[in-house]
Amino acid sequence: VIVIGGGAAGMLAAYSAVCAGAGVTLVERNEKMGRKLYITGKGRCNVTNNCTAEEVLQNIPRNAKFLYSAMGQFPPEKTMEFFEGQGLKLKTERGNRVFPASDHAADVIDTLYYALRRQHVKFVHGRALEVLTREDLVCGVRLEDGEVLDGDRVILATGGCSYPLTGSTGDGYAMAQKLGHTVVEPKASLIPLVEDGTDCVRMQGLALKNVEIRVRNQKKKVIFQEFGELLFTHFGLSGPVILSASAHMRNFEKEHYIVSIDLKPALEEKKLDERILRDFRENQNREFINALGALLPRLMIPVVVDRTGISPETRVHDITKAQRRALLETIKRFDVAIAGPRPVSEAIVTSGGIKVFEINPSTMESKKCPGLYFAGEVIDVDAYTGGFNLQIAWATGHMAGT
């Protein structure tokens, strides 16, 4: 068996294949395995989500049914058993997210690498260019330097086309297309958002921790709502809660989205109004722009003041009830119009890839080319944040390898 791609799916596929009795060669173009794993979970690696297989499927908005068999065979508990059985201690955090106890993604990669070494998997450093066939059956792989590796099974685990610096450059799509497969155009899934306006750049670098966001489409329907952390950038919005939201914003060609931020989610409107009144009493002789320091982060104040329509020089004791209401509404509904996502190369995960109807869901084998298998992000499946995308990699890798 030749596995192309030494990421999460490829490494687990190689391990599963060697444990099933195959001789395995793993081809990886980078010097090191698992480059993309280093950057997951802010460098801590969100290994999986401590939930049931059914709950994983509920967090997969695209082609979840295709993964029913793979997830049933290798649910999160099996992922955790595998890593802990290899000596990696794990811990479960908020939202059932599972991390290595050490908080180091490198420990996840090392665990996989040494598991493969112990099973005598052969490693080849090189870039695979094409999967070779003879009489429509897989017979090997040609590398960029011209070397040919013989094999009667090939597992394509080359990732999507996000973060090309980690080696995910879409090579697998071209190899699969050459063998008759259809590639659903890759789009960004977990991705920062570009603002349709200029307010975010005025606040760039500002991180907000406990805010609530609601994403509305042009019919004003709320399609996503969650608490979390976000970051204002020179182009718009980023941060964990924004990446989660972006997975629900799948139709930028036809839809216009607004991210509405509640800057004070812990305070109902009545309580917030009381808080504003208290601050105003303490600052009644000051200018409006200088009276908000206890209420808002410094970088936000000029933007919020502009949005209220109240002159910055207005003395606080002159502010009317209607103007105070405008301030309250700006704080509870700080809207950011979205122009679109950042480029797909900046996405944590891509949506799109090899069409699932051309893959056998019980084996991950190609229906077009016997002996060719797929695992991980190269397939047209993706999930929300929380360890679910890596769980897809482990489950499909395990099934393809087995």
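Is Asp380 buried or exposed? Let me start there, and keep in mind throughout that this is a predicted model. Asp380 comes out at 4% relative accessibility, so it counts as buried.

Where does Asp380 sit? You'll find it in the loop that runs between strand S19, residues 372–374, and helix H12, residues 388–401. And what does its side chain do in there? It makes a polar contact with the side chain of Arg62, at 2.6 Å. If you skip the neighbours within four places in sequence, Asp380 is in contact with Arg62 and Asn63, then Val184, then a run of Ser351, Gly352, Gly353 and Ile354, and finally Val356.

In soluble globular proteins, nonpolar side chains tend to be buried together. Here the largest nonpolar core has 81 residues, and the members touching the most others are Ile4, Ile60, Phe83, Leu112, Phe374, Ile379 and Trp394. Helix H1, residues 8–19, gives this core its largest share, nine residues. Take Ile60 from that list: again leaving aside neighbours within four places in sequence, Ile60 is in contact with Leu67, Met71, Asp382, Ala383 and Ile392. There's also a second, separate core of 42 residues, and among its members are Val215, Phe224, Phe232 and Leu263.

If you zoom in on the S6 end, strand S2, residues 25–28, runs parallel to S6, with four bridges joining the two. To get your bearings there, look for Thr25, which stands opposite Lys122 in S6.

Another open sheet has three strands, in the order S3-S5-S4, and here the pairing is antiparallel. Its edges are strand S3, residues 48–49, and strand S4, residues 90–92; each has a single partner strand, so again one side of each has no neighbour in the sheet. S3 pairs with strand S5, residues 97–100, in the antiparallel sense over two bridges. Thr48 is a handy landmark, standing opposite Val98 in S5.

Next, a quick look at helix H10, residues 301–308. Which of its residues are buried? Ile301, Val303, Val304, Val305 and Thr308 are. And what covers them? The cover includes helix H7 (199–202), helix H11 (321–332) and strand S17 (334–341). Just past the end of H10, Gly309 takes a positive phi of about 80°.

Note on methods: Residues are numbered from 1 along each chain as its sequence is written. This is a predicted model: local features need pLDDT of at least 70, side-chain atom pairs count only at pLDDT 80 or more; totals for chains, interfaces and linings use all residues. Side-chain values use heavy atoms; hydrogens and water are left out. Buried means under 20% relative accessible area, exposed over 50%, partly exposed in between (1.4 Å probe, protein chains only). A polar contact is a pair of N or O atoms within 3.5 Å; within protein, one must be able to donate a hydrogen and the other to accept it, and residues adjacent in sequence count only if both atoms are side-chain atoms. Contact means heavy atoms within 4.5 Å. A nonpolar core is a set of buried Ala, Val, Leu, Ile, Met, Phe, Trp, Tyr and Cys residues joined through side-chain atoms within 4.5 Å. Two strands pair if DSSP finds at least two bridges between them.
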